[in-house]
Amino acid sequence: MSFSRSLKEKSIKVWEDGYNHPFVQELGKGTLPKEKFKFYLLQDYLYLLEYAKVFAMAMTKADDEKMLSNLSSITKATLVDEMKVHHLYMKEFGIKEDEVKSVKASLFNRTYTANMLSTALKGDLLDTLITVFPCAWTYCDYAKRLKEQYKDSLENNFYKSWIETYAGYDFENSFEWFYEAIDELAKNKTKEELQKVEEIFIASVEFEYMFWEMAYNMQLSYVKG
């Protein structure tokens, strides 16, 4: 197994805890309370703006055309394609632009994005890719599994478009190049350096779990609400 593919196993406990989290499972069942999804939607919107900045920072560390093209494509996929799903659901909820502009990022959201941006600022290109990789990979994995697990009831699921977006070919194709790129960048790293890379990856998977937890409890800070 390549280094990039092995990272999932390195974080398997929290990875699976994320899939089995009530927020994710209730998304699959279609039973997630809409107020919880609305909270998530607005927080994720803010998260994606910061997530895109990490790719912009990655571009300053890249030195070949293919990498720059891939980074540019995934930035577009995030800010255009992925945002379409958010805007569709925002319309469903009657969320107006003023509400989007006035929402504040939760403590958990700020901590996650600050960690990504700090890693990108201090680290090299490999560190930068690794810190954002769990977001796309877990979403794709979880959505595919939800689509299969709840296929018999998906048609009437309010969250069907969310599941199908992240389970779809276009989304997976947007980050498939990560595996090869990470393996290439990791080739000449020492054992100690790769250990640090693994720790960055695991931390982001843990932050993903915390994001589901935050959304399910609708927590802006250390107290609910």
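Modeller: Happy to! A helix here is a DSSP run of H or I with at least four residues, and helices are numbered from the N terminus. Please keep in mind that this is a predicted model.

Let us start with T78, which lies in helix α5. Is T78 buried or exposed? Buried means under 20% relative accessible area, and T78 has a relative accessible area of 3%, so T78 is buried. Leaving aside neighbours within four places in sequence, T78 is in contact with L48, Y51 and M83.

Not counting residues up to four places away in sequence, Y51 touches T78, M116, V132, C135 and A136. Y51 also belongs to the largest nonpolar core, which has 76 residues. Along with F23, F37, Y40, W162, F175 and F178, Y51 is among the residues that touch the most other members of this core. Which helix gives the most to this core? Helix α8, residues 125–149, does, with 14 residues.

The elements that give two or more residues to the lining are α5 and α10, the latter spanning 169–175. The largest share of the lining, nine residues, comes from α5.

Aromatic rings give us another way to follow the chain. How many aromatic pairs does the structure hold? The structure holds 37 of them. One of these is W15 with W137, an edge-to-face pair at 5.2 Å centre to centre, with 80° between the planes. W15 lies in helix α2 (residues 12–19) and W137 in helix α8, so the pair ties together parts that are 122 residues apart in sequence. W15 is buried, with a relative accessible area of 0%, and W137 counts as buried at 9% relative accessibility.

Y89 counts as buried at 3% relative accessibility, whereas F158, at 25%, counts as partly exposed.

The charged end of R145 sits over the ring of Y19, 4.0 Å from its centre. Likewise, R5 lies over the face of Y179, at 3.5 Å from the ring centre.

Let us finish with Q43, which lies in helix α4, residues 34–61. Q43 has a relative accessible area of 1%, so this residue is buried. Apart from neighbours within four places in sequence, Q43 is in contact with V103, K104, A105, S106, N109, F211, M214 and L220. As for Y112, which is 69 residues from Q43 along the chain, the C-alpha atoms of the two are separated by 12 Å.

Technical notes: Residues are numbered from 1 along each chain as its sequence is written. This is a predicted model: local features need pLDDT of at least 70, side-chain atom pairs count only at pLDDT 80 or more; totals for chains, interfaces and linings use all residues. Side-chain values use heavy atoms; hydrogens and water are left out. A nonpolar core is a set of buried Ala, Val, Leu, Ile, Met, Phe, Trp, Tyr and Cys residues joined through side-chain atoms within 4.5 Å. Buried means under 20% relative accessible area, exposed over 50%, partly exposed in between (1.4 Å probe, protein chains only). Contact means heavy atoms within 4.5 Å. Rings of Phe, Tyr and Trp (its six-membered ring) pair if their centres lie within 6.5 Å; planes under 30 degrees apart count as stacked, over 60 as edge-to-face and the rest as tilted. A charge sits over a ring if NZ of Lys or CZ of Arg is within 6 Å of the ring centre and within 35 degrees of the ring normal.
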